[in-house]
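Work through these exercises with the sequence and the 3D view side by side. Try each task before reading its solution.

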Amino acid sequence: MSDRALVSVVMCFLDAEHFIEEAIESVFAQTHGRWELVLVDDGSRDRSTEIARRYARNRPDLVRYVEHPGHRNRGKSASRNAGIAAGAGTYVGFLDSDDVLLPHALATLVAAMEEAPGAAVAYGRTEMWFSWPGNPDGRTPAWDFESELPARGGTVVAAGRLLPVLVREDDVLPSVCSALVRRAALETTGGWEPSFVDVYDDFVLWTKLFAEHDVLIVDEKLSRYRKHEASSCEQATRNGEWSPVDLNVARYRYLAWMEHWLTRRRLGDAETWRALDASLQPYRHPTAPVEVEEVEPLVAPGVHAHLDHPRPGFRTRSHRIPIGGWLAGEEYPLAVEFVADGRRVSHVALDARRPDVAAMLGLGRGGDRHGFLGEIALAGAEAQEIEVSAVLRDQRRVPLARVRARRVLRPEDRRLGAPTVSVVIVCSTEARELDVAIERALAQDHRPLEVVAVDDGSSSALEQIALAYPGVRYVRRHGEGLVAARRAGLERSQGELVLFLSPHDRLLPTAISAALARLAQRPECGWVVGSGGDRPLDHATLLHDGPASGPTLYRRVAIVASGGIPDAPPGLEDGALQVAVARELPGIAIADPMLAAPSPPRPAAPGAERTLLRAQRKHAKGERERQALIAAAARLAHADADRTRRPLRRRRRAYARGRALILLYHRVAELPADPWALGVGRARFAEQLAVLRSEATVLSLQEIVERVGSGGLPERAVAVTFDDGYRDNLLDALPELEAARVPATFFLTAGPETRTRELWWDEIERVLLSPGSLPPKLRLLVGGRRFAWDLADSATLDEAAAKRTAAWRIGQAPPTPRHAAYEALWEALFPLAESARVPVLDELLAWAGDPGTMRETHRLLDAEEVATLARSHAAEVGGHSITHPRLSSQRPMLQEVEIAHGKAILEEVTGRPLRHFAYPFGGLRDYTGATARMVADAGYASASATWEGLAHAASDPFQLPRVQVGDVAGETFAAHLARWFER
């Protein structure tokens, strides 16, 4: 069947006499029966023109020769487009004149494409070929290695999902010679981009294709990519156009093109745009360059190592220093660590192939992953000493080298008397936004400047992100709110001026200097706000018109004179600070924007602005301010009346369409320790079901999903769901559900036949919160970070103390050091993949002397119990991943395995198709838009989250909100139910 498909192999060449015959012969050796070879001469001046014409004369049925008018040189992209136009195949492949196809390449790719008619591109592995015959470097096969793939063989990657890989230049991109493209896709996307004549020409083509078409992954080696000094990449490196470690014009040109192209077509998901923003940052907002002054090798007993870069005198136009080399040793090094000012700022795996090291040390094939490459950001410090250390299997550190570097400050960076500006960034859960916010702050053209990152009780790795920038201060709080976090940041900062930001804010590089210039013109002002206008702002103006929106730069003395950062309702923290400072010193708004894009506003609580105005009554001075208060009160009264009318109209429309409440349970059990409030007692669960039967319309989740899209939901529709798959779901929850005739969907983690231990949060609860004695000190390495806890008097926890602290919940002050250790360890383990989490848990169990025996009360369902649950008329089984990871922290390939393979496992156990999925943890930061597409691609009809809300006709079926139910009696549950439906 596949032999009937004609493949056009397009080979453009330029002065390729040494290798072109071998490349052509590799096409003739193909086992696929129907192909044509189009040889495009890009203006050769050697024997390659004669060789190509000879093949075309001798085999006109298979080979055709094409050249540009006048035998001109027009570059690889224009030449390949000419080859596409000259061919007639349904599929098009590309082969460089110095590479070779393996005999089965075309047959494999065509067969794969015909099995996946929805894919426009298929590609497989390529061998990086150092040991080609005649190589003057004399490289042996030990140097050769195969390229990686972004997913397992046979996977169809959805359109857009590989764009972030292109931006980051990950190791899983296709080589031109190992890919096959449908002609129709090439024609609709416009083919190769002629303006890219050499470097990044293939990236541009893949961007066009990957953005709008599905891609099929083939797990076979299909070609050999010849590595030699005359290749285009090597030439671009030598002439300074491209660099694998430094900023370079070729990469910037590609990234800028990609940004423009995606914008024009309105393509690219959030992950793609975050990657683009981070990659373009050092090009568009460069800070003072960094120069390496000294690289000092250190004696490392038992370890062989070498730093390839940086070298003394190396200078980068960005603020980042690449540090790379190789490492091997008898004690099996695991990773490389970079330390600055006594703290670890980066942790790099030994995952780069180094065949030269393997050959030198006699390690043989497969033992060549000894290379590392990382980088240090020096934007936050003028000079820095970085210690490079090997991390051994027993977690010892062996110093390898010291790198001393400094920022090469420009004259404007050294202005005498320039005020120090403190940028305070407060974040709670926005880990993936913090690094970009820090980068934008450090890219300011004003110096001196300091950045203080305040972590307001997040469960993400914010400390690791902040401390990756030497010179950035990190402050840890415990979820006390934005006002308290800003106070802590103000206390830790030292600048004469202070700018408060959120992680979403993207400062323009001239933002602070523009604000300072305006303050210099108006020395009587205590603050300046970038609100897009140019006008004075005094206390009366703010009372009359409301606070000005936009980032605000304050003189520290103005904040101190006003009594410090005032208390404020959530959502009005900025306005309250502006109003308080304006009582003492006026402000000024500037027309120059300070942000690259508006930051999403924080909605204020109902009545918050009225509360703020009431608090200002005692501060009103003179008739103008009193009249401003009266006008503001009238404005708010009118707005309140309008807001009252609009929700009533919306509510009527919503009830006409119908809304649904999806309830979230985890366990029906009474637990001795329940930090996350997951358990509901069986008697109370029965009471809650009785309330549902009498005061709501109970539907299955499937009925909710079907009716959400049509708007046909009845009033007060409710569905019941359970997460995780504890054994009590079958033994205690299901009998009550069946008795009450209430259906439920049980979202289960897959792999029930292999479960030998409790879920990870239960294991750390068993070790740290159960009665018994533990060693007084605990030290762990988690995700590359060192943790140390002193349990002090709580090392021994008796039964009475355990009962006294049983009511403790996350978010409350930890009653003992054990509880503090539990909370911190949970946060550290939360973002990790299972492979990284299990060794930490094993070390924890060994420290505690815990044999790892599962408690009967905390067992998960086994395979037979899952099948029993699925047979009940009151139960439907849904997917919940395999290992319960935070999906947004995992690589796309691992997310796909967790979602799609987990579905296949449970379908095999239950013998039924799975229709619904629930995101592990389920918060807005725990999955991405790309994750939701993977869920849809896996064949699910819906996905449920854990953020609160009601499902309605406009809801995204792959982001259904749910409300977690607590261990409350029936009467309280009824009140909660009424409140949830009134939202």
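The exercises below go from the whole chain to single residues, and the model they use is a predicted one.

**Exercise 1. The whole chain**

Task: State how many helices and strands the protein has, and what share of its residues count as buried.

Solution. 
- Step 1. Start with the secondary structure. There are 31 helices and 42 strands.
- Step 2. Turn to burial. The protein has 983 residues, and 55% of them count as buried.
- Step 3. Look at how contacts span the sequence. Take the contacts between residues at least 6 apart; 75% of these join residues at least 24 apart.

**Exercise 2. Helix 24 against helix 27**

Task: Find how helix 24 and helix 27 are oriented to each other, and which residues make the contact.

Solution. 
- Step 1. Recall what to look for. Two packed helices are described by the angle between their axes and the distance between the axes.
- Step 2. Locate the pair. Helix 24 covers residues 760–769 and helix 27 covers residues 834–848.
- Step 3. Read the geometry. The axes come within 11 Å and cross at roughly 15 degrees.
- Step 4. Apply the cut-off. Angles under 35 degrees count as roughly parallel, so helix 24 and helix 27 are roughly parallel to each other.
- Step 5. List the contact. Helix 24 supplies Trp760, Glu763, Ile764, Arg766, Val767 and Leu768; helix 27 supplies Arg837, Leu841, Leu844, Leu845, Trp847 and Ala848.
- Step 6. Sort these residues by type. Nine are nonpolar, none is polar and three are charged.

**Exercise 3. Helix 24 against helix 26**

Task: Repeat the analysis for helix 24 and helix 26.

Solution. 
- Step 1. Locate the partner. Helix 26 spans residues 817–829.
- Step 2. Read the geometry. The axes of helix 24 and helix 26 come within 10 Å and cross at roughly 160 degrees.
- Step 3. Apply the cut-off. Angles over 145 degrees count as roughly antiparallel, so helix 24 and helix 26 are roughly antiparallel.
- Step 4. Helix 24 and helix 26 pass in a right-handed crossing.
- Step 5. List the contact. From helix 24 come Trp760, Trp761, Ile764, Glu765, Val767, Leu768 and Leu769. From helix 26 come Arg818, His819, Ala821, Tyr822, Leu825, Trp826 and Leu829.
- Step 6. Sort by type. The contact has eleven nonpolar residues, one polar and two charged.

**Exercise 4. What covers helix 15**

Task: Name the buried residues of helix 15 and some elements that cover them.

Solution. 
- Step 1. Go to residues 511–521, which form helix 15.
- Step 2. Pick out the buried positions. They are Ala511, Ile512, Ala514, Ala515, Leu516, Arg518 and Leu519.
- Step 3. Look at the cover. It includes strand 21 (421–427), strand 22 (449–456), strand 24 (497–501), strand 25 (527–529), strand 27 (552–555) and strand 28 (587–589).

**Exercise 5. Backbone details**

Solution. 
- Step 1. Take the peptide bond. Pro310 sits in the loop between strand 12 (303–309) and strand 13 (315–316).
- Step 2. Take Asp724. Its phi is near 90 degrees, a positive value in a residue other than glycine. Asp724 belongs to strand 33 (residues 717–724).
- Step 3. Take His884. Its phi is near 55 degrees, again positive. His884 is in the loop between strand 39 (875–879) and helix 29 (892–910).

How values were computed
Residues numbered from 1 in each chain as written. Predicted model: local features only at pLDDT ≥ 70, side-chain atom pairs only at ≥ 80, totals over all residues. Heavy atoms only, no water. Axes fitted to C-alpha atoms, helices over the stretch in contact; angles between N-to-C directions. Helix = DSSP H or I, 4+ residues; strand = E, 2+ residues; numbered from the N terminus. Parallel < 35°, antiparallel > 145°, perpendicular 65-115°, else oblique. Contact = heavy atoms within 4.5 Å. Nonpolar A, V, L, I, M, F, W, Y, C, P; charged D, E, K, R; others polar. Buried < 20%, exposed > 50% of the residue type's maximum accessible area, 1.4 Å probe, protein only. Left-handed = near helix turned anticlockwise from the far one by under 90°.
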